[in-house]
Amino acid sequence: MIQTDIIIIGAGPVGLFTVFEAGLLKLKCHLIDALPQPGGQCAEIYPKKPIYDIPGYPSILAKDLVEKLLEQIKPFSPGYTLGESAETIKKDDKGFFHVTTNKGTIHKAPVVAIAGGLGVFTPRKPPVLNLSEFEDNGVNYIIKDPSVFENKEIVISGGGDSALDWALYFTEKRKHSVTLIHRSESFRAHNDSVQKAIDYSQKGWMKLMLNAEVKEINRDENQKLNLNVNIKGNENTNIKCDNWFPLFGLTPKLGPIANWGLEIEKNAIKVNNAKDYSTNIDGIYAIGDVNTYEGKLKLILCGFHEAAIMVQSAFKHIYPNKNNVLKYTTVTGITGFDK
Amino acid sequence: MINEINIKVIDRNGELHNLKGPIDMNLNVMELLKINELPVEGTCGGMAMCASCHVYVVSDHILPEKTFDEIAMLEESWDMQDNSRLSCQLKLSEQLEGLTIQLAPEQ
């Protein structure tokens, strides 16, 4: 079990900055995020887009903002549970919250800060009948450990960077048979990856099927996956493989948090804006894009402000008898937990 | 000079909404839908980097051409049709007066 002062759900910019503000008050944090890397939307949706409204930065790329935040919070050595999503929450009789992820990792803390943005990034699933029967049983939407698939016949679907990158990765390993199926002729990916894929398919190293789409899935008598593929203007064809990776990107969904007994309004968590961004459950706060109140602005900078206010309240929640006074970093500097 | 246009929106239950939108505020259709609390997400904020504001254009308006990003994004949507657009890429302008759109199914 992981024990800390504040469990932060969501490792986007606001979740990351919460670690800093909490650290100034000597509160330790542990971040949980469904994505395998920190940064949330900034890392997953628009890493290479500039942001123009971070005070002090006339322009900063989203991925650079994440890197700067990671550097800023390093002295406070936060813990991370990445690639897992917070599934359930329970409050014990001593007032501690127990947050368990979909992988069964348990986290315990007196305070929970939900900085979940638009929700858990979940894979977009293609409309294929009976698909769920094959999930984690031949079909994977996220590839965590590619070595598991050595010497396998692999089919990848998708036209974005992740589909192409994995198709190239497996092809270059020379230990797989790789087929990339894409619904159109144009890719939404880096030009050099697209060029490589075309080169590899011309050399016969991998098979490229354009204007094609998997329509049905079943398993044959040899336990191979049998994909029924529709190619525009042609008859459907069947492809046998060991593994199929439909990589159509991720889309955020509020997910299990919606069932935690929190007051939800317009797909966001209602908080007390006038006070401390507390939710209707004592000890649980919601900050950043995931919360709502009158006049709410979904801006990173507003999330940063909410984080600063929220940790002051979290401190009082954890140490009701201690008095805290706001310290200025310019006066005191940053003292991490390791020093 | 007109500074407000009318847009008709058919929601996912088939219900028709008559919206009015200003053309002098640099708004796009996705934003107008959100202002009117119609259920589009606009996850990426309007960068044509997601398809959560996907709509079908029902009226026969001549619209600004799709960018490469918009086409590529729409092609990844399961529900793409010939009249598909990302509403974030349609800027409110006089050209859009009387536009009728239908919300595409949720992703």
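Biologist: How many residues of chain A are in contact with chain B, and how many of chain B with chain A?

Modeller: In this predicted model, 16 residues of chain A are in contact with 12 residues of chain B. Two residues count as in contact if their C-beta atoms, placed from the backbone, lie within 7 Å.

Biologist: Which classes of residue does chain A bring to that side?

Modeller: The side of chain A that touches chain B holds 7 nonpolar, 5 polar and 4 charged residues. Ala, Val, Leu, Ile, Met, Phe, Trp, Tyr, Cys and Pro count as nonpolar, Asp, Glu, Lys and Arg as charged, and the others, Gly among them, as polar.

Biologist: Before we go on, what are the numbering and the confidence limits?

Modeller: Residues are numbered from 1 along each chain as its sequence is written, and chains are lettered from A and ligands numbered from 1 in the order in which they are written. As the model is predicted, local features need pLDDT of at least 70 and side-chain atom pairs count only at pLDDT 80 or more, while totals for chains, interfaces and linings use all residues.

Biologist: What domains does chain A have?

Modeller: Domain 1 covers 2-122 + 251-332, and domain 2 covers 125-248; such bounds come from an automatic or database domain assignment. The C-alpha centres of the two domains of chain A lie 36 Å apart.

Biologist: Now the helices. At what angle do α1(A) and α7(A) cross?

Modeller: The axes of α1 (residues 13-24) and α7 (residues 300-318) of chain A cross at roughly 40° and come within 9 Å. Axes are lines fitted to C-alpha atoms, for helices over the stretch in contact, with angles from 0 to 180 degrees between N-to-C directions. Helices (H or I, at least four residues) and strands (E, at least two) are DSSP runs, numbered from the N terminus.

Biologist: Which residues make that contact?

Modeller: Among them are A:Phe17 and A:Ala22 of α1(A), and A:Phe304 and A:Val311 of α7(A). The contact residues divide into 10 nonpolar, 2 polar and 1 charged.

Biologist: And the sheets: what is the order of the one with 4 strands?

Modeller: That open sheet of chain A runs β1-β9-β8-β7, with mixed pairing. Two strands pair if DSSP finds at least two bridges between them. β1 (2-3) and β7 (86-91) of chain A are at the edges with a single partner strand each, so one side of each lacks a neighbour in the sheet.

Biologist: How do β8(A) and β9(A) run?

Modeller: They run antiparallel, joined by 4 bridges. A:Thr100 has A:Ile106 in β9(A) as its bridge partner.
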